Amino acid sequence: MPHNTPTLPLDPAIVDIDRRWKAAGIPDLYEGGNGPVSRERARNVRALLYPKPKLPEGRIESRTIPGPAGDMAVRVIYPLSGEIAGTLVYLHGGGWVVGDLESHEAHAIRLANRAGVVVLNVDYRLAPEHPFPAAADDTEAAVLWASTHLDELGGKDKPLAVGGDSAGGNLAAVAALYCRDHGIALACQLLLYPATNLTGRGGPEKSYLGENAETKALDPRVSPLKAKTLVGLAPAILGVGVHDFLYQDNLAYAAALQAANVPLLMRVHGNLNHGFFSYTEVSPASAAAADQLCDDLRQHMLG
């Protein structure tokens with residue numbers, strides 16, 4: 001799918017993140033393939049280079065819901081004020097290896113406040129301790145639970161959506177397929193720079209997929225692009241930066257959605273890269289892009 005967004009220089013605030021990262025000699029997040037080490041490294045990098053924005057908070061509830069491997073931790077995040085537009089099940093990013101409820105709480109708070117949704121932030125199981133299909137299983141269980149407990153979330157008479165960033169965007173796309181195939185109505189799927197085709201990839205994907213990764217990558221629950229058909233999926237909002245290493249992946253998925261006549265709103269940012277929803281405290285361009293995507297979600301929820 002061609003896109004006419006011009007490629008602009010990468011936002012200077014993000015360039016500075018990269019510069020400081022290299023100057024500090026910090027390895028790549030996933031170097032070594034060790035989950036606990038990567039998670040500690042990720043927490044330190046976030047605190048040093050792109051801390052969470054300080055956003056006004058509404059009510060936040062920590063609770064558990066039933067999962068396929070026992071109780072699953074979630075946080076229910078309510079808008080600070082205003083009319084509730086519906087419920088969003090949110091899956092955090094982090095290469096299926098890092099990330100948690102804390103790391104992406106500000107994402108959920110921004111979405112709750114700006115889009116007016118009650119967010120169910122899901123603490124799905126991580127690789128390499130819990131390889132595929134653990135994260136996909138947890139995601140589907142969370143969406144199914146939300147669909148039958150809307151009265152405890154954003155309201156039984158209000159719409160349901162799924163969303164996520166990066167690996168969480170992958171899981172959100174997997175959830176959209178699950179909902180279509182199981183008759184669960186979705187207002188939309190919010191895909192923030194999602195990974196939709198894991199064939200031929202290394203890095204954290206290897207930790208996630210384990211043995212026979214290339215064969216597993218052909219499974220639509222790993223690579224939504226490989227689904228037999230995308231026809232009938234919920235409307236999609238897709239946000240990506242031109243400097244994102246998943247940019248071509250996202251263009252390919254957008255084209256596949258359009259070919260399947262899935263309503264698509266695509267936001268392409270010429271000066272942003274992967275992970276911009278995490279950079280809102282230090283990058284005004286990232287904050288503006290994140291707010292626009294929240295507004296897009298609200299419009300879809302309100303119909």
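Predicted model: local features only at pLDDT ≥ 70, side-chain atom pairs only at ≥ 80, totals over all residues.
The largest nonpolar core comprises 102 residues, among which Val89, Leu111, Val119, Leu120, Val122, Tyr208 and Leu297 touch the most other members. Helix H5, spanning residues 167–181, contributes the largest share of this core, with 10 residues. When residues up to four places away in sequence are left aside, Leu111 is in contact with Leu88, Tyr90, Gly116, Val117, Val119, Leu190, Phe277, Cys294 and Leu297.

Strand S3 (residues 86–91) is largely enclosed by the rest of the structure, because six of its six residues are buried. In a regular strand, side chains alternate between the two faces of the sheet. In S3, Gly86, Leu88 and Tyr90 point one way while Thr87, Val89 and Leu91 point the other way, and all of these residues are buried. S3 pairs in the parallel sense with strand S4 (residues 117–122) over six bridges, and within S4 the bridge partner of Gly86 is Val117.

Helix H3 (105–115) is likewise mostly covered, with nine of its 11 residues buried. The buried residues of H3 are Glu105, Ala106, His107, Ala108, Ile109, Arg110, Leu111, Ala112 and Ala115, and Leu111 also belongs to the group of core residues that touch the most other members. The residue that follows H3 is Gly116, which has a positive phi, near 70°.

The largest pocket holds about 870 Å³ of space and is lined by 43 residues, of which Leu29, Tyr30, Tyr50, His274 and Tyr279 are the closest to its centre. Two or more lining residues are given by each of helix H1 (12–24), helix H2 (35–49), helix H3 (105–115) and helix H6 (204–209), with the largest share, four residues, coming from H1. By residue class, the lining of this pocket divides into 19 nonpolar, 15 polar and nine charged residues.

The structure also holds one cavity of 30 Å³ or more, and the space in this largest cavity is about 30 Å³. The lining of the cavity consists of Tyr30, Gly33, Asn34, Gly35, Ser38, Val97, Pro128, Pro204 and Ser207, with H2 and H6 each supplying at least two of the lining residues. The cavity lining contains four nonpolar and five polar residues but no charged ones, whereas nine charged residues are found in the lining of the largest pocket.

Definitions and conventions
Residues numbered from 1 in each chain as written. Heavy atoms only, no water. Core = buried A, V, L, I, M, F, W, Y, C linked by side-chain atoms within 4.5 Å. Buried < 20%, exposed > 50% of the residue type's maximum accessible area, 1.4 Å probe, protein only. Contact = heavy atoms within 4.5 Å. 1 Å grid on protein atoms, 1.4 Å probe; cavity = no way out; pocket = protein on both sides within 12 Å on 5 of 7 lines; lining within 4 Å. Points joined across faces, edges and corners; volume = space filled by probe spheres on them. Nonpolar A, V, L, I, M, F, W, Y, C, P; charged D, E, K, R; others polar. Pairing = 2+ DSSP bridges.
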